[in-house]
Amino acid sequence: MTRRFVVEADGGSRGNPGPAGYGALVRDAETGRVLAERAASVGRATNNVAEYGGLVAGLQAALDLDPTASVEVRMDSKLVVEQMSGRWKVKHPDMQKLALQAQQIARQLGQVRYTWVPRAQNGAADALANSAMDGRPIHRDAAVEAVVLEDDVQPTVEPAPVVTTVTHLLRHGQTEHTPERRFSGRNDLPLSRTGRAEAEAAAHRVAALGIDVVIASPLRRTRETAETVAAVLGLPVAFDDDLVELDFGDLEGLSGDEARQKFPLAVRRFLSDVRVAAPGGESVADVSARVARARQRVLTQYAGKTVLVVSHVTPIKLMLAAGLGAGDDVVHRVFLEAASLCTVAWSSDGRTAVRLVNDTAHLR
């Protein structure tokens with residue numbers, strides 16, 4: 001009987017391009033047991049190249065296990081899945097080489113098909129990719145490892161205590177762009193009169209939350225909001241450039257209707273695919289990469305503390321997405337009012353809990 005494997009693969013880059021790595025694993029399709037794991041650095045590369053690296057490694061691991069097996073490849077990269085399925089053309093030279101390598105390995109296996117899965121369902125491969133980017137390569141095969149019965153394993157070290165860090169996420173108060181819902185990215189608009197009142201109301205709300213640290217985007221509207229709150233808390237404000245709003249480029253200052261009239265195709269693509277940049281600006285995926293860096297700094301430097309993060313719509317939505325284990329496209333499915341409050345708790349054992357979303361009780 002032909003064996004059936006599931007290959008889960010992913011890749012990432014801290015900078016895109018930047019230090020990159022891939023992760024891949026092979027499961028027995030019947031039992032779900034992990035048979036092989038791979039994680040390795042690919043040097044400086046883009047996300048897409050790293051994802052292809054994970055695909056090649058996963059297919060090779062499956063081939064090493066059983067060349068006659070049928071394989072289902074599951075990836076959260078729609079680009080790689082569509083290209084390897086033959087529906088999209090591979091244009092990038094580096095990706096062409098890796099795609100050809102993957103095709104050559106796939107032809108040696110019984111049957112290979114490709115399936116797109118949401119990022120939340122690809123967590124094991126993502127964790128391996130992050131291990132590679134953290135300088136911890138992995139090459140593990142269950143078949144060659146010693147079998148140890150659970151009853152024979154005696155813990156020799158007490159498990160580390162679980163530490164929970166709480167982040168309260170405060171969106172800045174209103175500016176002149178807010179009521180008309182204009183694209184508002186890297187501008188330096190001040191808070192409006194309403195926005196200043198909202199910041200003061202938020203300050204009195206968070207005063208009861210036991211805040212230890214205040215971190216903010218350095219743009220003027222977030223800086224003014226954070227400083228208003230920090231004055232009530234008696235705390236300094238630390239600024240993090242990775243928390244700034246998405247750069248909307250040529251869309252800056254336009255209303256939605258104005259943007260669609262001026263850049264109909266570009267706006268449609270930007271709003272439908274998180275990997276597509278606003279014309280002259282950033283993509284949601286670009287923002288996601290830097291927000292992940294900021295989040296990791298918070299969790300490392302302020303472990304166990306209660307942190308107020310004063311930022312913008314897109315970074316806050318991406319923090320919520322990470323807390324939910326959801327994909328970046330959640331940014332198009334959540335609405336956040338000006339000066340609204342969200343809360344996410346992050347435990348050192350990997351568990352997360354979104355406790356609050358878009359709370360504006362303090363503004364009534």
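The protein has ten helices and twelve strands. Its radius of gyration is 23 Å, close to the 21 Å that the globule rule gives for 364 residues, so the protein is as compact as a globular protein of that length. Keep in mind that this is a predicted model.

**Overall build**

- Along its principal axes, the C-alpha trace spans about 70 × 60 × 30 Å.
- Buried residues make up 49% of the 364 residues.
- Take the contacts with a separation of 6 or more: 72% of them are between residues 24 or more positions apart.

**The nonpolar cores**

- As a bit of background, nonpolar side chains tend to be buried together in soluble globular proteins.
- The largest nonpolar core here holds 39 residues, and Tyr-52, Leu-55, Leu-59, Val-71, Val-73 and Tyr-114 are the ones that touch the most other members.
- Elements giving two or more residues to this core are the strands S1 (4–13), S2 (18–28), S3 (34–45), S4 (70–75) and S5 (111–116), plus the helices H1 (47–65), H2 (78–84) and H3 (93–106).
- H1 is the top contributor to this core, with ten residues.
- Leu-59 is worth a click: leaving aside neighbours within four places in sequence, Leu-59 is in contact with Val-7, Val-71, Val-73, Ala-102, Ile-105, Leu-109, Val-112 and Tyr-114.

- Helices H7 (256–262), H8 (264–272) and H10 (313–324) are the elements that give two or more residues to the lining.
- H10 supplies the largest share of the lining, three residues.
- Sorted by class, the lining has 14 nonpolar, eleven polar and nine charged residues.

**A loop residue: Thr-175**

- Look for Thr-175 in the loop between strand S7 (164–171) and helix H5 (193–206).
- Is Thr-175 buried or exposed? Its relative accessible area is 1%, which is under the 20% cut-off, so Thr-175 counts as buried.
- Not counting residues up to four places away in sequence, Thr-175 touches Leu-189, Pro-190, Leu-191, Ser-192 and Arg-221.

Conventions. Residues are numbered from 1 along each chain as its sequence is written. This is a predicted model: local features need pLDDT of at least 70, side-chain atom pairs count only at pLDDT 80 or more; totals for chains, interfaces and linings use all residues. Side-chain values use heavy atoms; hydrogens and water are left out. Helices (H or I, at least four residues) and strands (E, at least two) are DSSP runs, numbered from the N terminus. Ala, Val, Leu, Ile, Met, Phe, Trp, Tyr, Cys and Pro count as nonpolar, Asp, Glu, Lys and Arg as charged, and the others, Gly among them, as polar. A nonpolar core is a set of buried Ala, Val, Leu, Ile, Met, Phe, Trp, Tyr and Cys residues joined through side-chain atoms within 4.5 Å. Buried means under 20% relative accessible area, exposed over 50%, partly exposed in between (1.4 Å probe, protein chains only). Contact means heavy atoms within 4.5 Å. The radius of gyration is taken over C-alpha atoms; the globule rule is 2.2 Å times the number of residues to the power 0.38.
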